[in-house]
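Subject: Handover of a structure, with notes

Dear colleague,

Please find below the structure that I am passing on to you. My notes on it follow directly after.

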Amino acid sequence: MRRMPARTTRTTCLAATILLTTLAAAPAPAGARELPDTYVVSREAGVLPEGITVTPDGTMYVSSDGLGTLYRGRVGAPDLKPFPARGLADRPSTLGVHTDRRGRLLSVGGATLTVHDRHGRLLATRTAQDGPLGAPHLNDLAVTKDAVYVTDWANPVIHRAELRGDTLGPLEPWLDIRAAFPQFPARYWLLNGIVADETGTTLLVASNGTEAVWRIATADKDVSRLDLGDQSFGADGMVLRGRTLYAVLNYGAPHGVYIARLDEDLRTGTVTHRLTDEPFDLPTTLARHGCRLYVVNSQLDEPPGRPPYTVTAIDDPTCGTATTP
């Protein structure tokens with residue numbers, strides 16, 4: 001999950017042809033129509049929203065790449081407000097944001113991973129080490145029952161912090177992913193979104209540079225490329241629900257949400273939906289709640305963008321079908 005402004009480094013990314021099959025969308029429940037279609041994150045200049053998470057009770061958190069601020073709202077109301085998260089004054093950019101089973105809010109930006117309670121009290125701060133290419137630029141995170149895994153945009157490294165109850169261990173380099181594709185230039189891996197399956201035994205990591213999603217077994221760190229046929233899949237932010245992978249693409253394909261149905265081992269899959277007709281404004285990532293997908297409009301292609309900064313809600317076309325539990 002990462003900003004995708006124009007970069008000269010992109011010229012080194014793998015060439016790709018995207019062949020996608022679009023299926024008819026299933027109608028959403030009538031109740032979903034009563035919710036806002038657009039959420040205003042902020043009207044303050046320079047916010048540039050980037051990450052998002054929605055909790056089971058409908059609380060929405062959105063991060064700011066431009067200011068480092070966190071915002072909070074409810075899916076039933078169209079406006080978010082600044083979340084009083086302490087200890088972020090020295091972090092000018094916040095990207096990935098998620099909650100854990102205990103309701104704590106975890107977010108990353110720069111070199112730090114922070115943990116806040118629901119009132120904004122700072123519970124922990126962990127700092128990542130420099131990687132093989134220099135200072136870290138933490139991008140996104142996945143929270144499992146026993147660890148937090150964090151991607152690094154600036155280094156081809158996945159960091160890990162152990163979770164033991166309320167205790168968060170140090171944030172340490174866990175996997176240098178270069179060995180999976182050694183001929184690819186290290187500085188162009190550009191690690192983005194990361195998701196974990198329900199057991200925490202499998203990670204899927206998006207790499208915009210390789211235009212692929214990589215499958216990682218947490219037990220032995222075995223890395224393989226997620227096989228989506230002939231399709232390039234340089235995802236930004238992602239959501240994994242059972243065997244359904246939701247991903248935002250904003251480079252190398254029409255901007256929008258792409259949905260793939262994966263096999264039981266999360267090794268292969270088929271892209272089944274391409275949702276690119278919505279008025280997205282450089283989408284970076286998404287969250288799923290109920291039968292709706294909440295997509296961040298970052299405006300990062302033209303910083304500082306133009307207020308208001310928004311999140312667009314759309315129907316999940318897989319909702320109510322047998323393919324998504």
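Predicted model: local features only at pLDDT ≥ 70, side-chain atom pairs only at ≥ 80, totals over all residues.

**The chain as a whole**

The protein chain has 25 strands and zero helices. Of its 325 residues, 56% are buried. Among the contacts in the chain with a separation of 6 or more, 52% are between residues 24 or more positions apart. The accessible surface of the chain comes to about 13400 Å², and carbon and sulfur atoms account for 49% of that surface.

The loop between strand 24 and strand 25 deserves a careful look. As background, most residues other than glycine have a negative phi, and most peptide bonds are trans. Pro304 is found in this loop, and the peptide bond that joins Pro303 and Pro304 is cis, with omega at about 5°. Pro308 also has its place in the loop between strand 24 and strand 25. The bond between Pro307 and Pro308 is a cis peptide bond, with an omega of about 0°. Gln299 lies in the loop between these two strands too. Its phi is near 60°, which is a positive value in a residue other than glycine. Is Gln299 buried or exposed? With a relative accessible area of 10%, Gln299 is buried, because a residue counts as buried under 20%.

A further positive phi belongs to Leu282, where the value is near 45° in a residue other than glycine. Leu282 is found in the loop that lies between strand 22 (269-275) and strand 23. Leu282 is buried, and its relative accessible area is 4%.

**The sheet 15-16-17-18**

Another open sheet of four strands has the order 15-16-17-18, again with antiparallel pairing. Strand 15 (191-196) and strand 18 (223-225) stand at its edges; each has a single partner strand, so one side of each is left without a neighbour in the sheet. Neighbouring strands of this sheet are turned by 25° against each other on average, direction ignored. Strand 17, residues 212-217, is joined to strand 18 by three bridges, and the two run antiparallel. In this pair of strands, Ile216 stands opposite Val223 in strand 18.

**A hairpin**

Strand 8 (residues 112-116) pairs with strand 9 (residues 122-127) in the antiparallel sense, over five bridges. Thr112 has Thr127 of strand 9 opposite. The hairpin of strand 8 and strand 9 has five residues between the strands, and in it Gly120 takes a positive phi near 95°.

**Aromatic rings**

A pair of aromatic rings is described by the distance of the centres and the angle of the planes. The count for this structure comes to eight aromatic pairs. In one of them, the rings of Phe181 and Trp189, the centres are 6.3 Å apart and the planes stand at 90°, so the pair is edge-to-face. Phe181 and Trp189 are both buried. One aromatic cluster is formed by Phe181, Phe184, Trp189 and Trp214.

Ser64 is found in strand 3, which covers residues 59-64. How is Ser64 placed, buried or exposed? Ser64 is buried, with a relative accessible area of 0%. A polar atom of the Ser64 side chain lies 2.5 Å from the backbone oxygen of Val47. Leaving out residues up to four places away in sequence, Ser64 touches Val47, Leu48, Pro49, Thr69, Tyr71, Ser93 and Thr94.

With kind regards,
A colleague

Notes
Residues numbered from 1 in each chain as written. Heavy atoms only, no water. Pairing = 2+ DSSP bridges. Axes fitted to C-alpha atoms, helices over the stretch in contact; angles between N-to-C directions. Buried < 20%, exposed > 50% of the residue type's maximum accessible area, 1.4 Å probe, protein only. Contact = heavy atoms within 4.5 Å. Areas by Shrake-Rupley, 256 points an atom, 1.4 Å probe, with all protein chains shown as cover. Phe/Tyr/Trp six-rings, centres within 6.5 Å; stacked < 30°, edge-to-face > 60°. Polar contact = N/O pair within 3.5 Å; in protein donor to acceptor, adjacent residues only side chain to side chain.
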